[in-house]
Amino acid sequence: MECAMGVDTPEEIGRRINIFLDVIPSQLGNLKKIFGAHVSKKKQETIDMVVEMRMMGKEMVEEKRKEMEYWDGNPEDDLLAWLISANDAAGLGDEEVIDDIMTVYLVMDNMSKQLGSLFIYLINYREVFDKMVEELRANPVTDYKSLEKLRYTEMVLLESLRLAPVLLRGTRWLNKSIQAGKYWIPGDCQFQYSQYVLHRIEEYWPNPREFIPERFEKGVPNVESFTFFPFLAGPRACLGKHVAMVAMKMTLSMLANNYDLTPVPTETVPVIVQTMAVTRLKGGPMYKFDPRYKVKETAPQIVNEY
């Protein structure tokens with residue numbers, strides 16, 4: 001499928017988004033209605049928001065390119081400079097860099113949703129919660145290498161990503177027909193799959209609805225290919241997956257080392273909320289955060305070397 005790409009003006013970006021909204025397949029449920037003619041204001045708000053974010057990204061890239069003209073190599077801690085250099089080396093343009101900026105932004109937003117889902121699960125698995133907090137306090141994060149000591153915490157995060165992946169499903173466009181097991185899928189069409197469903201298939205995950213971090217004790221289990229992909233997979237996997245894992249570990253470390261977290265059960269049952277293709281758990285238990293240190297005392301310092 002080919003389409004002409006015009007100049008990256010707000011009008012052109014809005015036109016592209018309109019094209020996408022007009023071809024949303026019926027499999028996405030009520031999404032087409034949400035963005036349809038009956039709620040044109042919502043549709044326009046979405047377009048305006050995306051356009052504004054992309055224009056901000058464009059300004060960031062232009063400013064960074066001006067700075068880079070005077071540099072002798074990229075500084076190690078400048079993510080945007082590295083993205084620009086990597087895209088230049090691959091023969092890609094600024095539009096792809098802007099895509100990367102938006103991806104990283106969305107990763108940080110989705111990270112908060114993932115941690116929220118994690119804490120809701122842990123209310124019913126107190127032994128897992130206590131073991132994770134014990135590890136976090138025994139190994140405070142002081143630099144990037146110290147994150148390697150948080151092995152059990154990583155297992156807990158991976159299990160939460162299995163049971164409550166932020167992305168409910170993924171989509172790919174097939175350029176040619178393929179044979180997938182006993183199924184033949186024609187080319188030149190959109191193909192959708194659900195990691196939420198796949199992560200619950202007992203053939204690959206014994207006791208699939210139980211929260212068992214030990215599944216990942218030796219890394220991702222040696223199961224059939226593509227049976228665990230919370231960040232999608234292949235060359236178009238989530239750009240920010242490593243950023244997300246590092247950020248979630250750092251967040252949990254800061255919480256565990258500065259607060260005593262006490263679950264406060266409620267009668268509210270958590271439910272899965274879906275917004276487009278993004279999911280999160282809502283409702284259920286709450287946590288009470290009590291500072292572990294008085295104002296004059298000092299908690300273990302988490303050094304920002306990223």
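Start by selecting T103, which sits in helix α5. Helices here are DSSP runs of H or I with at least four residues, strands are E runs of at least two, and both are numbered from the N terminus. The model is predicted, so local features need pLDDT of at least 70, side-chain atom pairs count only at pLDDT 80 or more, and totals for chains, interfaces and linings use all residues. Residues are numbered from 1 along each chain as its sequence is written, and side-chain values use heavy atoms, with hydrogens and water left out.

**Stop 1**

T103 is partly exposed, at 27% relative accessible area. The scale is simple: buried is under 20% relative accessible area, exposed is over 50%, and partly exposed lies in between, with a 1.4 Å probe and protein chains only.

**Stop 2: the whole chain**

Zoom out. The protein chain has 9 helices and 8 strands. Of its 306 residues, 38% are buried. Contact means heavy atoms within 4.5 Å. Take the contacts between residues at least 6 apart in sequence: 63% of them join residues at least 24 apart.

**Stop 3: α4 against α5**

Select α4, residues 79-89, together with α5. Their axes come within 9 Å and cross at roughly 140 degrees. Axes are lines fitted to C-alpha atoms, for helices over the stretch in contact, and angles run from 0 to 180 degrees between N-to-C directions. The two helices are therefore oblique to each other. Angles under 35 degrees count as roughly parallel, over 145 as roughly antiparallel, 65 to 115 as roughly perpendicular, and the rest as oblique. The crossing of α4 and α5 is right-handed. In a right-handed crossing the near helix is turned clockwise from the far one by less than a right angle; anticlockwise makes it left-handed.

Show side chains at this crossing. From α4, pick L80, L83, I84 and N87. They meet E96, V97, D100 and I101 of α5.

**Stop 4**

Move to helix α6, residues 126-138. The expected span is 1.5 Å times one less than the number of residues. Colour V128, F129, M132, V133, E135 and L136: these are the buried residues of α6. Look down the axis of α6: the buried residues fall within an arc of 160 degrees, so they line one face of the helix. The arc is that of the directions from the helix axis to the C-beta atoms.

Which exposed residues does the face of α6 turned away from its buried side carry? They are E127, E134 and A138. For the cover over the buried residues of α6, select α5 (94-122), α7 (151-163), α9 (241-258), β5 (259-264) and β8 (286-291), which are among the elements there.

**Stop 5: α7, mostly covered**

Select α7 by itself. Of its 13 residues, 11 are buried. Among them are Y152, M155, E159 and R162. The cover over the buried residues of α7 includes α5, α6, α8 (195-198) and α9. At 1.5 Å a residue α7 should span 18 Å, and its end C-alpha atoms are 19 Å apart, which agrees.

Bring in α5. The axes of α5 and α7 come within 10 Å and cross at roughly 95 degrees. That makes α5 roughly perpendicular to α7. At this crossing Q114, L115, L118, Y121 and L122 in α5 meet V156, L157, S160, L161 and L163 in α7.

The axes of α7 and α9 come within 11 Å and cross at roughly 120 degrees. That makes α7 oblique to α9. This crossing of α7 and α9 is right-handed. Here T153, E154, L157, L158 and L161 of α7 meet M245, M248, K249 and L252 of α9.

**Stop 6: S160**

Centre on S160 in helix α7. Is S160 buried or exposed? S160 is buried, with a relative accessible area of 1%. Leaving aside neighbours within four places in sequence, S160 is in contact with Q114, L118, P165 and F211.

**Stop 7: two positive phi values**

Finish in the loops. D188 lies between β3 (183-185) and β4 (189-193). Its phi is near 55 degrees, a positive value in a residue other than glycine. D188 counts as exposed, at 54% relative accessibility.

Then select N207, in the loop between α8 and α9. N207 is not a glycine, yet has a positive phi of about 50 degrees. At 48% relative accessibility, N207 counts as partly exposed.
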